[in-house]
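Subject: Structure for you to look over, with notes on its cavities

Dear colleague,

I am handing over the structure we spoke about, and my notes follow directly after it. Please read them with the model open beside you.

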Amino acid sequence: MEKWNQSSDDFILLGLFPQNQIGLLFLLLIVLVFLLASVGNSAMIHLIRVDPRLHTPMYFLLSQLSLMDLMCISTTVPKMAFNFLSGQKAISFLGCGVQSFFFLTMAGSEGLLLASMAYDRYVAICHPLHYPIRMSKWMCVKMILGSWILGSINALAHTVYILHIPYCRSRAINHFFCDVPAMLALSCTDSWVHEYLVFVSTSLFLLLPFIGITTSYGRVLFTVYHMHSKEGRKKAFTTCSTHLTVVTFYCAPFAYTYLRPRHLRSPAEDKILAVFYTILTPMLNPIIYSLRNKEVLGAMTRVFGIFSLMRK
């Protein structure tokens with residue numbers, strides 16, 4: 001059992017894997033996933049930036065999703081890998097606050113952004129004649145800015161609170177990053193108020209957007225069912241199923257973790273679920289959107305063609 005100096009303001013991250021060869025193998029897999037996610041999301045952002053055919057509201061929103069996923073996985077994995085390989089589990093008080101803030105910002109902003117993407121598809125399929133007005137460039141910018149700003153405000157409020165509560169027990173966080181519920185478990189004061197606020201925030205930034213997304217796609221599927229064009233129906237189904245896959249991978253484990261009361265949680269289960277929405281989802285999103293989207297695949301072909309011409 002490791003001893004920890006209670007007089008220090010630093011925290012300890014107990015991590016995800018045991019310090020042995022099996023743990024090292026799993027860590028290498030996580031690092032591989034991190035590299036794939038970094039390359040995939042960076043490539044998606046680059047494709048949308050350089051290909052004029054992808055300069056539409058849907059793909060501008062998708063580029064922001066890739067940016068959020070890139071920042072989310074970069075917030076957790078590098079520190080986890082460094083702590084495992086160095087044998088040092090400490091994270092500074094300020095570092096823990098910064099990590100918590102960026103993770104919560106990405107988490108809240110992504111839920112709102114996914115709802116914006118669902119609204120974009122709803123307008124495009126159900127009200128195509130109104131699409132240029134309802135999803136104008138300025139409206140797209142407002143959706144993106146709103147997602148970032150609201151996510152940042154929510155994250156700042158939770159981070160400030162979590163860093164000002166008294167920790168009279170161990171400062172060992174049973175997680176691989178500074179997650180708010182795991183930190184609340186270390187408080188020596190009654191934290192039911194903040195646990196309630198976490199529930200409210202999760203409902204506002206995850207549950208309500210998820211309800212909006214499912215409602216939008218319910219309307220979309222109803223409209224698609226009555227389409228006469230088989231090609232249009234197929235394209236709409238492909239787009240909607242892709243987005244719903246992404247939403248399910250992200251929202252389900254996140255909601256299950258944050259909406260449960262403390263007495264129903266276990267640290268081991270929370271860490272496993274966190275792998276899905278902090279590590280696996282950022283890797284899967286660019287793969288899902290590229291392999292199931294002809295426009296993205298076409299952009300990849302055109303960009304790689306440009307690169308090949310430049311090398312000649």
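The largest cavity is lined by 14 residues, and those that lie nearest its centre are Leu 104, Asn 154, Ser 201, Thr 202 and Phe 254; a cavity here is a set of points, on a 1 Å grid over the protein atoms alone, where a 1.4 Å probe fits but cannot get out, and lining residues have an atom within 4 Å of a point. The model is a predicted one, in which local features need pLDDT of at least 70 and side-chain atom pairs count only at pLDDT 80 or more, whereas totals for chains, interfaces and linings use all residues. Residues are numbered from 1 along each chain as its sequence is written, and side-chain values use heavy atoms, with hydrogens and water left out.

The space in this largest cavity amounts to about 180 Å³, where a volume is the space filled by probe spheres set on the grid points, which are joined across faces, edges and corners. Four helices, α3 (93–126), α5 (137–162), α7 (192–225) and α8 (230–258), each supply at least two residues of its lining, and α7 gives the most, with five residues. Helices (H or I, at least four residues) and strands (E, at least two) are DSSP runs, numbered from the N terminus. By class, the lining of the largest cavity has nine nonpolar and five polar residues, and no charged ones; Ala, Val, Leu, Ile, Met, Phe, Trp, Tyr, Cys and Pro count as nonpolar, Asp, Glu, Lys and Arg as charged, and the others, Gly among them, as polar.

Asn 154, which is one of the residues nearest the centre of that cavity, lies in helix α5 and counts as buried because its relative accessibility is 14%. The cut-offs are under 20% relative accessible area for buried and over 50% for exposed, with partly exposed in between (1.4 Å probe, protein chains only). Leaving aside neighbours within four places in sequence, Asn 154 is in contact (heavy atoms within 4.5 Å) with Ser 201 and Phe 205. Its C-alpha atom is separated by 14 Å from that of Gln 99, 55 residues apart along the chain.

The C-alpha atoms fill a box of roughly 65 × 50 × 30 Å along the principal axes. Buried residues make up 47% of the 312 residues, and of the contacts with a separation of 6 or more, 76% are between residues 24 or more positions apart.

Ser 147, in helix α5, is buried, with a relative accessibility of 2%, and, not counting residues up to four places away in sequence, touches Met 68, Ser 109, Leu 112, Leu 113 and Ser 116. Val 198, in helix α7, is also buried, at 7% relative accessible area, and under the sequence exclusion of up to four places touches His 158, Val 180, Leu 184 and Tyr 258. Tyr 119, in helix α3, is partly exposed at 28% relative accessibility; apart from residues up to four places away in sequence, Tyr 119 touches Arg 134, Met 135 and Met 143. Thr 301, in helix α10 (residues 294–311), is exposed, with a relative accessible area of 57%, and its C-alpha atom lies 27 Å from that of Ile 73, 228 residues apart in sequence.

With best wishes

Notes
1 Å grid on protein atoms, 1.4 Å probe; cavity = no way out; pocket = protein on both sides within 12 Å on 5 of 7 lines; lining within 4 Å.
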